[in-house]
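Open your viewer and get ready to click along.

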Amino acid sequence: MSRRDWSLHLGLVALLFALNWILPAYHHGVVARVMVLAVFAMGYNVAFGYTGLLSLGHAMYFAAGMYGTGLVALHLEAGAIPAWFAGLGAGLLLALVTGLLALRTAGVSFMIVTLMFAQAFYLGILYFGDITHGDDGFVVPNAARRVAEVALSDAGPRYLIGWALFSVTMIGTLWLVRAPFGRVLVAIRENEDRARLLGYDTGRRKLGALVISGGISAGAGAAYALLFGYVGASFAGVQYSIFALLWVLLGGAGTVIGPLVGTLFMYYLVDLSTEVTDAYMLIAGIVLILLTLFMPRGITGALRQVWRDLP
Amino acid sequence: MEFGPYLLLACLEGAVLAAVLALMASGLSLVFGVMRVVNVAHGEFYMLGAVAAWAVTSMLGAGAVANFVAALVIAPLAVGLLAAAADMTILKRLEYDPERTIVATIGLLYVIQQLTLMTYGADARPVVAPFNSRIALPWVEWGENGLSLYYPWGLSTTSYKLFVIVAAVVLITGLRLFMAHSRAGLIMRATQLDGEMATAFGVPVERVYAIVFGAGAALAALAGVLIVPIQQAHYLMGGDALLLSFIVVIIGGLGSLTGTVVAAILIGMSDGIISVFFSPTLAKIIATLVVALVLVFRPQGLFGAKDR
Amino acid sequence: MSVILETTGLGKSFDGLRANNDISFSLPAHQIRALIGPNGAGKTTFVSMLIGRLTPTEGVIRFDGRDVTKLPAHERVKLGMAYTFQITSVFGRLSAHENVALAARRRLSDPAAVAQEVAQALGRVGLGDRADAIAGDLSYGHQRLLEIAMGLAQKPRLLILDEPTQGLAESEVESFKALIRALAAETTILLIEHNMAVVMELADHITVLNFGEILAEGSPQEIHANPAVQAAYLGTGAPDAED
């Protein structure tokens, strides 16, 4: 990997770290949230951007992490760290099971199957309301939102933990897509038949990619529950699957920094529009249409015209 | 109520749902069959049909029947034109690429839904049915004098609900005859088989696509108009309807009209029955999982013939 | 010479239509074998079964003495088969270098060894100076050569080339012939080819398919002189082929 690639990504990590002491309170909170959501988007990007698996159901992995963590904290009174791992494990398991089934299909069928699985998961949360508190969701107990003496609900630790999760995921993704495994994922995205006839078990690698992708998404959901303290069914809804797609498409699918760019841009766009109207999803809809029409490669993708090997 | 009458009631409710669903899903199936694209905004066209029906009836202010007839004509026409316009401005430029079309129609879904929220508002509003007399239904009983008919309390339907069922049957039969025998239907089927070939034979494929997309949306809008006297019009009503018609189209086999109708009856009836006896949420969970598994293990649908 | 690839009674039906029927075929190691036949003779069906893109309706395929009939394509490739597509199938948005590296990396884990292998494979097909070009930007002929380089980088024991000279310029065909001759020392080559000049010049042995069955087998001279083959190519039917 070139020095330029490293300096861009490490520079971004350093910049976000420094912003902890620079940003005014409101934007400090927004960026903390965006970093966690960007981790979700990076997870989605591994499946969609790098492997070409267009899933419409990634909210279920995010929510599996969120509920795995939240429910363990709520019902079993687990601490923050075991609860986070419970969420991660739930997401990995769900990704493995749904992947084994959904990856028997491709293209449009894959989109619909993932959409349906996610819908069943969402409805399952509503149906088992005794445990999950249904539509209302629940607040994660404060006892679970501490690590040693640090309260995760405080602005400073919250930002730094979000930053750490983001940084680890970004560097991890960067490493992954430059490693032989990641290169094969790109090859599958470009031409699966060819990749198979080079001797790669594409089915197993797609499953691997989906499990990694689901795991990262679940890690984000689990962290979201701990850092922001609320677990709710809306995070499992179709809308959040669409958000992941939107953030990645906007930022640039198949680029490492794209998900952050897309999430940040969309978050502020929606944030600004909610001041004007309740119909903030209108913005999301318009952006989606414009993107598919005029900028299918996204913001970072457009940047690649200039910086050709941008990972 | 006893089990028997209760079941009959559930079947009747199911049949109404099946009728509306069959109409709506035929639209989705028609679009997929001819254009090979999945229209995720289909539920919003259904919602627009219902909202337009409300708008037409409240603006016209004539008698209930005249209002309703006007809505039945104007709403599908307006929604169809809107959809055709969306096809020409958006889908055509994407060259009907299956995946990009899905993403763009997701965008369209939110745009339509949110614009409706901004103009029509978040309230659910009713439309008065053109006629709505209650029809009590009899049930048989084995009494002291052998079999006898009686009218259990609560076992009833309305003339309007029966009308919806009949209307759906007539409309779908008409659509089938149209596709099978008319020249326009022939052109659509030719386009479905091979777009390039159709172009070579001078079929204006782009215009056919715009018309088909518009017609599919009009069918959804028609379903919306029919349902609105039973269910009120609401800007979020498209979501569930979309999900159900997806389920119907996939179980029936993508693009097969007969399969769609059979599946609509199956899903409508079972949804009605499961919802009456169990929780509607559970019914939906089962239905979505069935769809996913059908696509995984029997991609041609339960009733569709295997490809090649 | 040991037999590297063998099929017995191989057949394939599509919905009752016989595309291949009872093909028993044997390919000794280090031979250059050409597979020819008129359009629709079932050549593509046959090689698709060999590499595992199609499952045979009946019959057995043995590679290096091992029954591979039920193995998925990628497992066969791991055993040492390689296949280049009839319709150019490269990774169009990746560089030529990365295309070949993907082929090499399955065997080699050391990046330096991969780089060396890639340079060598690209050099052999004459694309040494185009390593950084995006595959999709290469000319059609160069994309065909890139496919062959991807085949070479796999160091296969059997290389199946599906219509490799299609779309190549005259000069490129010449260097292609030289390349294949040089390769014969290292590997076995099954060549599906339309260009009769190439076939006659390169092949040690020729198998002719017609109507999904083997019509004739023999040296280029024998095939050239075979009246049944001539009849098949002239489209007057195949007198020797049993229906």
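Start by selecting chain C. In this predicted model, 64% of the contacts in chain C with a separation of 6 or more are between residues 24 or more positions apart. Switch to a cartoon view and you can look for nine helices and ten strands in chain C. The radius of gyration of chain C is 18 Å, close to the 18 Å that the globule rule gives for 243 residues, so chain C is as compact as a globular protein of that length. Along the principal axes, the C-alpha atoms of chain C fill a box of roughly 55 × 40 × 35 Å. Of the 243 residues in chain C, 46% are buried.

Next, colour chain C by domain. Domain 1 takes residues 1–80 + 156–243, and domain 2 takes residues 85–154. How far apart do the C-alpha centres of domain 1 and domain 2 of chain C lie? They lie 24 Å apart. Where these domains touch, twelve residues come from domain 1 of chain C and eleven residues from domain 2 of chain C. On the domain 1 side, select strand E7 (158–162) and helix H6 (170–183) of chain C, the elements that give two or more residues to this contact. H6(C) gives the most to that side, with three residues. By class, the domain 1 side has six nonpolar, three polar and three charged residues.

Now for the largest nonpolar core, which has 288 residues. Select Val20(B), Ala221(B) and Ala149(C), the members that touch the most other members of this core. Helix H1 (residues 3–35) of chain B gives the most to the core, with 19 residues. In chain C, domain 1 and domain 2 each supply at least three residues to this core. Zoom in on Val20(B): leaving aside neighbours within four places in sequence, its contacts are Val164(B), Ala168(B), Ala223(B), Leu226(B) and Ile227(B).

For the last stop, show chains A and B together. Here 34 residues of chain A are in contact with 35 residues of chain B. H5(A) gives the largest share of the side of chain A that touches chain B, 14 residues. Colour that side by residue class to find 24 nonpolar, eight polar and two charged residues.

Conventions:
Residues are numbered from 1 along each chain as its sequence is written. Chains are lettered from A and ligands numbered from 1 in the order in which they are written. This is a predicted model: local features need pLDDT of at least 70, side-chain atom pairs count only at pLDDT 80 or more; totals for chains, interfaces and linings use all residues. Helices (H or I, at least four residues) and strands (E, at least two) are DSSP runs, numbered from the N terminus. The radius of gyration is taken over C-alpha atoms; the globule rule is 2.2 Å times the number of residues to the power 0.38. A residue is buried if 20 or more other C-beta atoms lie within 10 Å of its own, exposed if 12 or fewer, and partly exposed in between; C-beta atoms are placed from the backbone. Two residues are in contact if their C-beta atoms, placed from the backbone, lie within 7 Å. Ala, Val, Leu, Ile, Met, Phe, Trp, Tyr, Cys and Pro count as nonpolar, Asp, Glu, Lys and Arg as charged, and the others, Gly among them, as polar. Domain bounds come from an automatic or database domain assignment. A nonpolar core is a set of buried Ala, Val, Leu, Ile, Met, Phe, Trp, Tyr and Cys residues joined through C-beta atoms within 7 Å.
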